[in-house]
Amino acid sequence: MEVFSPPTLRPLSNSHEYDGLEADVKRLAIDLITRMRSAERDVNVSGAPHLGSFTLVERRVKADGLALYRRGDEPAMRYLYRAWVGRNPKRGLHFLRAYLQLLWPNSWSCEQLWQAKNLTYPNGLAKESELGANPEITHFITNRVEVRLTDPSITPNQLLQVLRPLRSTLGAKFLLIFRVENDARAYNTEEAGSPLYLYNVALPEATVIFAGAGTI
Amino acid sequence: MAGPSNWGGSLTTGGASPVVVVVTGAAALAAPGPVVGYQPDSGEQFTVIVRDTHGDVRPAPASAMSFEYMGTPADSQMQLTFTALSQRGANPIDIATMRELVSYPSLYDRSAVYLGEFDFLLRRNLVYAYQFLSVWNEQIEEGVRGANVHNINRLFVTVVPADGVTQESIEAEIVRIIREADDSMRVSFVPRVIQLYAVSITAWVSVVHDPALVEAQIRQVLIDEYGPGSRAAQRGQELPRFKVIHELLSRKVEALRGSEADFDVVIPADVVAPRPENWRYVDNNSITVSIQIATANLSQFGR
């Protein structure tokens, strides 16, 4: 989504001036609008803030309750804000998928997990794709959503920063788990016994959560 | 008749306050013969439950009540006595509460899906009924108390009722509200735990002010704004905003207004990690104030 430059006042400046008065009025109008242009641009799109300056987007994103993570190009961020306000089903994983595609294109997968009936929750979780044709015989579905990331550029600190924004786009009943598999180093946020504790509590350091193989 | 969401108090529009009569005890519409009705014996007792009021109505216990109008002269032989208050009514919302309610994101369309929307739903419907309310979900609960299969599809609520409201009635109301919004979510109540904020303030004021008085004023400002009955303490899982404290003290304490005055606010990090059921406020014991003589202005003009 590109941001358009403000319309020029060429139609006005090309219009005919009958006498000096008209020339003065025309010059005054052009001068006034040119001075107000930067402020007028944001006011002009206040009903569709994804079209305005990025400062406007930042302000409105906070007011509309979307935690927009700064990554990816600006048009993609504007698109996500537009999707949040305009076409957000709220339920399910649709918005989470859109968000993940914005952050790490084509290097993620996102599934709801099933729990084996004969094992204790939360051990015994399995993805639906790993189960057979009739998973409900041996498993029941839980509200845990596992996001598997394979982008090689992901660092633990980056993931830590993006956990809360991603979690806030899911409904209240869901649980979000991350599993990062890149560089032959697999670590997930369920190790070290510390699933995410959000809402204004300091998250543990990256080295504690990501207690997988290798040092960070 | 008493529809949903009347709990939050009605904006008064005048007119008769409707009374829903729920008659318990020996009321039966048994009709032997052509007469439909019930003839009570003399001295028989009935229980009447009033569900709608206009505003915050709290009759004194055992005070006399009366019908609004008499149908027949025989009605005056009924004696009505007020026995118990389970939920008091509420006055119309004041501006400060309204400001807070409209500060929520406009994404909410009366269909609660996100945790913040459930939080707004409860606060909107329980205005003035609680002193403290905190709502959280399975993800947060798992971070505090570990995973449990009973947490699936469950919302956790800690509520401290306000004056005039019983714990059972507000819990029943919360269950009803959440069930109306999403009846796949179950509710679990967690008892509240008080965790005070330790605030430490050092103030430099001009020598003309009485240090004891300045300290008393600073304490009063903090307790008014962050004490147990305040609006700021009503929410769970919050952090104090330093800039609010700075602005408040600068504005409300006379001694801190001049250009020679300065102050520092320190809220040390918590020793015990705060939990969602923690009711956090500021108490006289948790505030430490230290008043120093200002040396900010070295012009030696007797400040």
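Reader: Is D119(B) buried or exposed?
Author: Buried means under 20% relative accessible area, exposed over 50%, and partly exposed in between, with a 1.4 Å probe and protein chains only. D119(B) has a relative accessible area of 12%, so it is buried. This is a predicted model, where local features need pLDDT of at least 70, side-chain atom pairs count only at pLDDT 80 or more, and totals for chains, interfaces and linings use all residues. Residues are numbered from 1 along each chain as its sequence is written, chains are lettered from A and ligands numbered from 1 in the order in which they are written, and side-chain values use heavy atoms, with hydrogens and water left out.

Reader: Where is D119(B) found, and what does D119(B) touch?
Author: Helices (H or I, at least four residues) and strands (E, at least two) are DSSP runs, numbered from the N terminus. D119(B) is found in helix 2 of chain B, residues 115-125. Contact means heavy atoms within 4.5 Å. Not counting residues up to four places away in sequence, D119(B) touches Y104(B), V135(B) and R235(B).

Reader: How many helices and strands are there in chain B?
Author: Chain B has six helices and ten strands. Of its 303 residues, 36% count as buried. Among contacts in chain B with a separation of 6 or more, 71% come from residues 24 or more positions apart.

Reader: How many aromatic pairs are there over all chains?
Author: Rings of Phe, Tyr and Trp (its six-membered ring) pair if their centres lie within 6.5 Å; planes under 30 degrees apart count as stacked, over 60 as edge-to-face and the rest as tilted. By this rule there are nine aromatic pairs over all chains. In one of them, F132(B) and W279(B), the ring centres are 5.8 Å apart and the planes at 25 degrees, so the pair is stacked. F132(B) lies in strand 3 (residues 130-136) of chain B and W279(B) in strand 9 (residues 278-279) of chain B, so the pair ties together parts that are 147 residues apart in sequence. Both F132(B) and W279(B) are buried. Elsewhere, ring pairs link W84(A), F95(A), Y99(A) and Y114(B) into a cluster.

Reader: At what angle do helix 5 and helix 7 of chain A cross?
Author: Axes are lines fitted to C-alpha atoms, for helices over the stretch in contact, and angles run from 0 to 180 degrees between N-to-C directions. The axes of helix 5 (residues 94-103) and helix 7 (residues 156-168) of chain A come within 10 Å and cross at roughly 150 degrees. That makes helix 5 of chain A roughly antiparallel to helix 7 of chain A (under 35 degrees is roughly parallel, over 145 roughly antiparallel, 65 to 115 roughly perpendicular, the rest oblique).

Reader: Which residues of helix 5 and helix 7 of chain A meet?
Author: L96(A), Y99(A), L100(A) and L103(A) in helix 5 of chain A meet V162(A), P165(A) and L166(A) in helix 7 of chain A. The residues of this contact are seven nonpolar, no polar and no charged. Here Ala, Val, Leu, Ile, Met, Phe, Trp, Tyr, Cys and Pro count as nonpolar, Asp, Glu, Lys and Arg as charged, and the others, Gly among them, as polar.

Reader: Where does R37(A) lie?
Author: R37(A) lies in helix 2 of chain A, residues 20-44. With a relative accessible area of 15%, R37(A) is buried. Leaving aside neighbours within four places in sequence, R37(A) is in contact with P6(A), P7(A) and L9(A).
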